[in-house]
Amino acid sequence: MYISRLIILCFFTIFSNNSLAFLQDIETAQLKSTGGAGVGSILLNEASIFNPASIAFHDKTSIYYSKEQVALKNRNPDRNRKFKDSSRELFVLSDTSSQVKGGFSVEQSKVNRDERFRITSSASSLISKSTAMGILIKYTEDDYAQSHKTFTQVDLGLTHIFRKGLSVGALFQNPTHANRSEPVAILGIHYNLFANMDLILDAGTTYEKKPEENTLQRLAVQLEVFGSLFLRTSQFHDKISEIKGTSWGFSWVGPKLSLEYAYKSFEPLSNDEPSIIYEDEKVIENTLALVLVY
């Protein structure tokens, strides 16, 4: 009886550590500045890691590279180890030269003591003049202190443009239950409120298990200044990952070269629930990106 209890305890300890790991889905600088909101937006570089459908409405090809620094603020005394210096790198190639448009990305992350290598491939096509569907395939290798995981995840996306300045989208993450994670459905809207102001809103849930409890909301505002500078800020409340926070950032968009920066800060949603962050701690992420469009 004692041995069986010990085995069960070790089993749950291993999987609990993995579920609370710092390895989260990577974001581009633009996505980070909107708190992750953008399922309904018509995005180019983000189609290789987020909603794959939106690239179908673009006619440009781009190369994207970003470097991200991750730091822990207000370290809790209960944390038995110092948080190690951490970083993420993301390379994205987006191609719109064929009828089926898509992208390819490579991610290398080292966050605290966890590491991730991920390759993604996406494809999207119009199913009507104003509607597109896409698929995203993620091959991932995760290294934790106690285990190594390799899995392949499939995400499905949909984007519809009602009119100029108003678009909606849907993203179904992990419907095949890869990596033992719950499937997540996210609906998003991107609305041009004024000539130079956009509202971006996402709402999601783990629709198969306790959807009313496991929800997320992300709200962002984007301002366009002088036609080439975009300023963004956001708030997000995520019961699925048990975090809440704010972010801000900007994009300077040139004819061929763009520069993007984002700052994101988040903390535990509740001190009563398991979280990757302890009470009073905050995770700070800074991302700088370059985009070449041709």
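Mentor: The model is predicted, with an average pLDDT of 89 over the protein, and 91% of the residues score at least 70. Residues 1–20 have a pLDDT below 50, and in the model this stretch makes 11 contacts beyond near neighbours in sequence.

As to overall form, the protein contains 2 helices and 14 strands. Its C-alpha atoms occupy a box of roughly 65 × 35 × 35 Å along the principal axes. The radius of gyration is 19 Å, which agrees with the value near 19 Å for a compact globule, because the latter is what 294 residues would give.

The second largest pocket, to which your request refers, has a volume of about 990 Å³. Its lining consists of 38 residues, and those nearest the centre of the pocket are Gln30, Ile42, Leu43, His58 and Phe230. Sorted by class, the lining comprises 15 nonpolar and 15 polar residues, together with 8 charged ones.

His58 belongs to the loop that runs between helix H2 (29–33) and strand E1 (62–73). The His58 side chain reaches the backbone oxygen of Ile42 at 3.2 Å. Apart from neighbours within four places in sequence, His58 is in contact with Ile42, Leu43, Leu44, Thr96 and Lys101.

Note on methods:
Residues are numbered from 1 along each chain as its sequence is written. This is a predicted model: local features need pLDDT of at least 70, side-chain atom pairs count only at pLDDT 80 or more; totals for chains, interfaces and linings use all residues. Side-chain values use heavy atoms; hydrogens and water are left out. On a 1 Å grid over the protein atoms alone, a cavity is a set of points where a 1.4 Å probe fits but cannot get out, and a pocket is an open set with protein on both sides within 12 Å along at least five of seven lines; lining residues have an atom within 4 Å of a point. Grid points are joined across faces, edges and corners, and a volume is the space filled by probe spheres set on the points. Ala, Val, Leu, Ile, Met, Phe, Trp, Tyr, Cys and Pro count as nonpolar, Asp, Glu, Lys and Arg as charged, and the others, Gly among them, as polar. pLDDT is the predictor's confidence in each residue, from 0 to 100. Contact means heavy atoms within 4.5 Å. Helices (H or I, at least four residues) and strands (E, at least two) are DSSP runs, numbered from the N terminus. A polar contact is a pair of N or O atoms within 3.5 Å; within protein, one must be able to donate a hydrogen and the other to accept it, and residues adjacent in sequence count only if both atoms are side-chain atoms. The radius of gyration is taken over C-alpha atoms; the globule rule is 2.2 Å times the number of residues to the power 0.38.
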